[in-house]
Amino acid sequence: MDKTEAFLDVSIWREQNGDGHFETYQVPRRANQTILDVVAWVQQQADPTLSYRFACRVGMCGSCAMMVNGAPRWTCRTHVLKVAEGASLEIAPLRNLPVIKDLVVDMDPFFDKWVAADAVFAPSQTRDDPMAPITPDDTMRIAADDAIECINCAVCYAACDVVAANPDYLGPAALNRSWSLVNDSRDAGQAERLQAVSAVGGCHNCHSQQGCAKFCPNELNPTLSISGLKRATAKSLLRWGR
Amino acid sequence: MIRPHRTHALWLAFILHRLSGIGLALFLPVHFYMLSLALTDPDQLDGFLAFTDLLLVKCAEFGLVFLLAVHMFGGLRLMALEFLPWSPRQKSYAATAVALAFFVSTGFFLQAV
Ligand code: SF4
Ligand code: SF4
Ligand code: FES
């Protein structure tokens with residue numbers, strides 16, 4: 001990109017009550033500018049009615065994801081230099097989720113699917129029992145390790161074409177979380193979980209396109225987790241659900 | 001144009017697998033129909049077999065063999081992905097599947113002309 005351009009041409013999706021269009025803004029360039037900086041500048045200097053969502057600004061909270069030039073990104077950690085084409089940027093709300101206003105999407109369907117995927121810990125002991133010993137070199141612990149750094153940003157959910165095509169599909173993040181629990185030896189709900197992830201819309205819908213793994217900002221690999229779930233459900237079928 | 005969230009090797013491998021599958025599904029009924037002619041109408045089958053000697057038809061057959069091979073190797077890749085322990089070399093496997101398909105279909109073509 002041309003670093004000498006003093007301004008960026010930014011088109012931002014504006015939507016209210018289901019009526020949406022792109023509007024363009026001229027935003028001054030800054031050194032080390034992120035996409036979130038650009039959106040914040042527009043809201044602070046050009047149009048205070050622009051709605052968007054962020055909290056931590058450091059890639060922890062997972063609330064700032066948007067479509068940037070057609071690809072899902074965490075905007076607080078995405079530099080303009082890295083993704084702008086020439087001096088132009090197109091910023092839109094996250095794909096595959098309903099828009100509330102402008103760049104803000106309704107995350108409810110995303111999180112409802114975490115519950116549907118039974119991605120919730122089911123304790124096998126009480127607080128009065130001694131701590132379960134799990135060593136760092138435990139194979140299940142190592143498998144879970146690869147899946148636990150999710151920040152719930154829904155970038156993978158926006159990248160997935162199966163989510164776009166099948167409204168029932170649980171999606172990469174929820175299934176990834178279920179896989180981390182399948183590898184939790186303290187969990188008491190494994191049979192129910194395997195049922196949940198192999199039902200309609202479950203892991204067997206995944207076409208292994210691996211867009212989720214390509215775009216996950218934390219470099220998680222939901223495809224790996226989903227293939228683990230596919231194997232686990234196939235094995236439990238062979239054991240007749242035992 | 002392919003939308004930006006799809007411009008990566010493994011999405012292209014997915015669409016190749018899907019399109020080759022559809023292509024084969026369309027081809028197979030015709031294939032079986034032609035085979036059935038051996039029983040029902042051998043003369044018409046002979047006429048058709050003469051037609052398949054044309055270079056243009058050989059080229060089309062090259063395409064068919066490629067579709068078949070790429071769908072087979074791609075399918076093996078997906079089964080390995082789903083049933084073997086995970087390997088981080090997914091892109092290499094996809095590339096290998098396409099390379100093997102080219103190898104097989106080109107071998108077929110050279111032998112056919
Ligand atoms: S690998 Fe599966 S979950 Fe991930 S983007 Fe592809 S279809 Fe969606
Ligand atoms: S798996 Fe990655 S992309 Fe998906 S919600 Fe978690 S952190 Fe975001
Ligand atoms: S603002 Fe928290 S992850 Fe971007």
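Is A:Ala154 buried or exposed, and what is its relative accessible area? A:Ala154 is buried, with a relative accessible area of 1%. This is a predicted model.

**Chain A overall**

- Chain A holds 10 helices and seven strands.
- The C-alpha trace of chain A spans about 65 × 35 × 30 Å along its principal axes.
- Chain A has 242 residues, and 50% of them count as buried.
- Take the contacts in chain A between residues at least 6 apart in sequence: 63% of these join residues at least 24 apart.

**Ligand 1**

- The shell around ligand 1 has 13 residues.
- The closest of them are A:Cys160, A:Tyr169, A:Cys206, A:Gln210 and A:Cys212.
- Two helices of chain A, helix 9 (211-215) and helix 10 (222-238), each supply at least two residues of this shell.
- By class, the shell around ligand 1 has seven nonpolar, six polar and no charged residues.

**Ligand 2**

- Ligand 2 is surrounded by residues of chain A that include A:Cys150, A:Ile151, A:Asn152, A:Cys153, A:Ala154, A:Val155 and A:Cys156.
- A:Ala173, A:Cys216, A:Pro217 and A:Leu220 also belong to the surroundings of ligand 2.
- The shell around ligand 2 divides into 10 nonpolar, one polar and no charged residues.

- Most residues other than glycine have a negative phi.
- A:Asn152 has a positive phi, near 60°.
- A:Ala154 also has a positive phi, near 70°.
- A:Asn152 sits in the loop between helix 4 (139-145) and helix 5 (155-159) of chain A.
- A:Ala154 lies in the loop between helix 4 and helix 5 of chain A as well.
- A:Asn152 is partly exposed because its relative accessible area is 27%, which falls between the cut-offs of 20% and 50%.
- A:Ala154 is buried because its relative accessible area is 1%, under the 20% cut-off.

**Chain B: helix 3 with helix 4**

- Helix 3 (residues 55-83) and helix 4 (residues 90-112) of chain B pack at an angle of about 150°.
- The axes of helix 3 and helix 4 of chain B are 8 Å apart.
- Angles over 145 degrees count as roughly antiparallel, so helix 3 and helix 4 of chain B are roughly antiparallel to each other.
- Helix 3 of chain B passes helix 4 of chain B in a right-handed crossing.
- The contact of helix 3 with helix 4 in chain B has 19 nonpolar, four polar and three charged residues.

**B:Phe73 in helix 3**

- B:Phe73 has its place in helix 3 of chain B.
- B:Phe73 is buried, at a relative accessible area of 18%.
- Leaving aside neighbours within four places in sequence, B:Phe73 is in contact with B:Ala97, B:Leu100, B:Ala101 and B:Val104.
- B:Trp86 is 13 residues from B:Phe73 along the chain, and their C-alpha atoms are separated by 18 Å.

**Chain B: helix 1 with helix 4**

- Helix 1 (residues 9-40) of chain B packs against helix 4 of chain B at an angle of about 40°, with the axes 9 Å apart.
- Helix 1 and helix 4 of chain B are therefore oblique to each other.
- The crossing of helix 1 and helix 4 of chain B is left-handed.
- From helix 1 of chain B, B:Ala9, B:Leu10, B:Ala13 and B:Leu16 meet B:Gln90, B:Lys91, B:Ala94 and B:Val98 in helix 4 of chain B.
- By class, this contact of helix 1 with helix 4 of chain B has six nonpolar, one polar and one charged residues.

How values were computed: Residues are numbered from 1 along each chain as its sequence is written. Chains are lettered from A and ligands numbered from 1 in the order in which they are written. This is a predicted model: local features need pLDDT of at least 70, side-chain atom pairs count only at pLDDT 80 or more; totals for chains, interfaces and linings use all residues. Side-chain values use heavy atoms; hydrogens and water are left out. Axes are lines fitted to C-alpha atoms, for helices over the stretch in contact, and angles run from 0 to 180 degrees between N-to-C directions. Helices (H or I, at least four residues) and strands (E, at least two) are DSSP runs, numbered from the N terminus. Angles under 35 degrees count as roughly parallel, over 145 as roughly antiparallel, 65 to 115 as roughly perpendicular and the rest as oblique. A crossing is left-handed if the near helix is turned anticlockwise from the far one by less than a right angle, and right-handed if clockwise. Ala, Val, Leu, Ile, Met, Phe, Trp, Tyr, Cys and Pro count as nonpolar, Asp, Glu, Lys and Arg as charged, and the others, Gly among them, as polar. A residue is near a molecule or strand if one of its heavy atoms lies within 4 Å of it. Buried means under 20% relative accessible area, exposed over 50%, partly exposed in between (1.4 Å probe, protein chains only). Contact means heavy atoms within 4.5 Å.
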